[in-house]
Amino acid sequence: MTTPSGQAQRQADEQRDPGLSRIMSERRQLLNLAYRMLGSLADAEDVVQETYTRWYAMSRAQQEAVESPGAWLTKVASRICLTLLGSARTRRETYVGEWIPEPLPDPAEWIAGAAGGPGADPADRITLDESVTMAFLVVFESMTPAERVAFVLHDIFRYPFAEVAEIVGRSPAACRQLASSARRRITAARTEASPNAARQASVVRRFKAAWEAQDIEALLSLLDPGATAISDGGGRAIAHLLPIEGAEQIAHLYLTIARFAPPRTILERTVNGLPGLAVESEGRIETVFAFEVADDDRITHIWAVRNPDKLRPWQLS
């Protein structure tokens, strides 16, 4: 909910700039688009801020000459994302350990002071759907920047290839091929899993119970034999630098954590639109777990985000 002071500020801004509401109404679309392209809420927020900075750097006459401000904002934001995706590959080469997209809580659970919390406009929140599940975002990371931008714009936000071409700087036919290539990557990477919140909630709940009980047989029964567990500490929190492969290795790892970790509480939480877990210790969320569950109710992937920079929306203070 927008605060009274926030409403007053918006009314004052609207009086100074009658077109402000129309321009700011695009914020949610831009944030949703940028997060899917970048896999980082912090980067997405920066992109949106830079996009509006460029809009207001223009003169009033230049702004009024823009036939569709929404289309202009989308084009600028997408081009900024395309540039960032290119530089992100270089940054990730020096990242400590595995890089996992930034996890998002359910909008209703976002905390005050974090993006989308009670002090922010609810329109600024990310819409949670299949395109922001951790499994989907991880596949995005395997795409080239142009593939990712073309796919997100066309397949998720339904922009025609003629408009995608203007943003990516290639022909409509080339953008069609980029999106097709991205679809093939998604098909190749998908397990026999279709997101089902109710079924996944049951599996995750049983995983939590087995972990807390230190029941290795129960853990093994829930893990696919070829399961993979990946953790992301970014050099700022203890995490395995390489993926853990296989049900037995993962089960033993989690038992070791249960036995030797400091006192903590494991919470059932929505992570990128699907049931997951969050570990709370001394009033802070220190780890967020996302899962991929196959149709046989076995866990195929576990993603554990421990980098505190990626857990801002989860913190109590």
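**View 1. A290 stands opposite W303 in β6.** The model is predicted: local features need pLDDT of at least 70, side-chain atom pairs count only at pLDDT 80 or more, and totals for chains, interfaces and linings use all residues. Residues are numbered from 1 along each chain as its sequence is written, and side-chain values use heavy atoms, without hydrogens and water. Strands (E, at least two residues) and helices (H or I, at least four) are DSSP runs, numbered from the N terminus. Strands β5 (residues 284–293) and β6 run antiparallel, joined by 6 bridges; two strands pair if DSSP finds at least two bridges between them. D297, in the hairpin of β5 and β6, takes a positive phi near 65 degrees.

**View 2. Strand β6 (residues 299–305) is largely enclosed by the rest of the structure, because 6 of its 7 residues are buried.** Buried means under 20% relative accessible area, exposed over 50%, partly exposed in between (1.4 Å probe, protein chains only). Strand β1 (residues 223–232) runs parallel to β6, with 6 bridges. A229 has I302 as its bridge partner in β6.

**View 3. K310 forms a salt bridge with D232.** The closest N and O atoms are 2.5 Å apart. A salt bridge needs a side-chain nitrogen of Lys or Arg within 4 Å of a carboxyl oxygen of Asp or Glu. K310 lies in the segment after β6 and D232 in strand β1, 78 residues apart. Both K310 and D232 are buried.

**View 4. E45 and R312 form a salt bridge, with 3.2 Å between the closest N and O atoms.** E45 sits in helix α4 (residues 41–57), R312 in the segment after β6, 267 residues apart. R312 is partly exposed, at 35% relative accessibility.
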